[in-house]
Number of protein chains: 2
Amino acid sequence: MTEDIVRRLGYMTLGTRLKRIGERLQAQTQTLISERESPEAGSVNSPVLAALWRNGPLSIGELTQAIGQSQPGITRMVGKLKARGLAEIGPDPVDRRISKVSLTEAGKDLVRRLEEGAWQTVEAAVTDACEGLSGSLLDQLGQLEDRLAARPLPKRVRVRVKAR
Amino acid sequence: MTEDIVRRLGYMTLGTRLKRIGERLQAQTQTLISERESPEAGSVNSPVLAALWRNGPLSIGELTQAIGQSQPGITRMVGKLKARGLAEIGPDPVDRRISKVSLTEAGKDLVRRLEEGAWQTVEAAVTDACEGLSGSLLDQLGQLEDRLAARPLPKRVRVRVKAR
DNA sequence: GACTTTAATATAACAAGTTATATAACTTCA
DNA sequence: TGAAGTTATATAACTTGTTATATTAAAGTC
């Protein structure tokens, strides 16, 4: 078994390491969401959906700030949401340079379902995986990687009794 | 200024968040390396170069383990290193399914320069950015993001007096 | 020793991010 | 008020990651 050099090199490869853990988390989250909701509710789109849900219609530029990603990336994501019938795009009536993005009824329905179900599940599973991590950033990342390898997110879901 | 929803959502979007910070770190690291070494020594390739440097020739499979990334990704990275004259690939004489990857002389020279220069600089800059982070994982990530925004890695390089 | 299974790598197609640049609409100011 | 500058978004091209599958070599098995 060859040694994990990215972990070994520590701060020198922190960027690579963070991306690596992030991709694993996203992949596991995607599995989790797909199991309980339509796969179109991808883990990658969730922040965009959540931003529109919480703030109402936003321009591409506002979404760029809300998500913290490059503008062309946001433009493409929004295009996909539109293609799936979850969002609408139209020019701002006052300043026609601005593209205003809003959720369709289907999009709002989806978010409602996600809020009640998959999103809560994801948050609980990730919280579980991160519970009690301690020490420096590198320490905590190491612990988190070990935990995700030992028990990935889908195995960290507890069946909840729905209040009635 | 629209609120940073990825930060706000906390554990639910931890994957997205880790990827985001990782990409920023890699981009800043790339700037740093390009400034003091040939741009072919990209931040993404560094782990592969380091693994080969420390362990000697490795198979694609061993590199996959060392880097913790998918096999096709490693195959492509290695292909690029080969195209740049930094690595060689050849079949293992005993088991001809195995592709053994090794550094060329040019590759070894590059690593020697990186070890003396750019890699140390990167490690020092990232260490500086992470110094004294405290609290939970989310806390530390928040602090790190703030610091990288306020003073990115290239501004965290201290000029060192070379011992002679 | 041919036949099947397993293992290692390569290839293809896709996903999601980036930078650089083009386009179109608004603003400024002489 | 029209030329020049600025801003918002779209588009193009690239990078780096992924999964699924094809290919080839080795290992078992009867």
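Close-up 1. Of the atoms of DNA strand C within 4 Å of the protein, sugar or phosphate accounts for 61%, and bases account for the rest. A residue is near a strand if one of its heavy atoms lies within 4 Å of it. There are 23 residues around DNA strand C, and A:Ser70, A:Arg76, A:Met77, B:Gly61 and B:Gln71 come nearest. By class, this surface has 7 nonpolar, 8 polar and 8 charged residues. Here Ala, Val, Leu, Ile, Met, Phe, Trp, Tyr, Cys and Pro count as nonpolar, Asp, Glu, Lys and Arg as charged, and the others, Gly among them, as polar.

This is a predicted model, in which local features need pLDDT of at least 70 and side-chain atom pairs count only at pLDDT 80 or more, while totals for chains, interfaces and linings use all residues. Residues are numbered from 1 along each chain as its sequence is written, chains are lettered from A and ligands numbered from 1 in the order in which they are written, and side-chain values use heavy atoms, with hydrogens and water left out.

**Close-up 2. Phosphate contacts of DNA strand C.** Two or more residues of the surface come from each of α5 of chain A and α2 (14-36), α4 (60-67) and α5 of chain B. Helices (H or I, at least four residues) and strands (E, at least two) are DSSP runs, numbered from the N terminus. The most, 5 residues, is given by α5(A).

**Close-up 3. Phosphate contacts of DNA strand D.** A polar backbone atom of A:Gly61 is 2.7 Å from a phosphate oxygen of DNA strand D, and for A:Ile60 the corresponding distance is 3.4 Å. In A:Thr75, a side-chain N or O atom is 3.3 Å from a phosphate oxygen.

**Close-up 4. The open sheet of chain B.** Its 3 strands have the order β1-β3-β2, with antiparallel pairing. Two strands pair if DSSP finds at least two bridges between them. The edge strands, each pairing on one side only, are β1 (58-59) and β2 (87-91). B:Ser59 has B:Lys100 in β3(B) as its bridge partner.

Definitions and conventions
A polar contact is a pair of N or O atoms within 3.5 Å; within protein, one must be able to donate a hydrogen and the other to accept it, and residues adjacent in sequence count only if both atoms are side-chain atoms.
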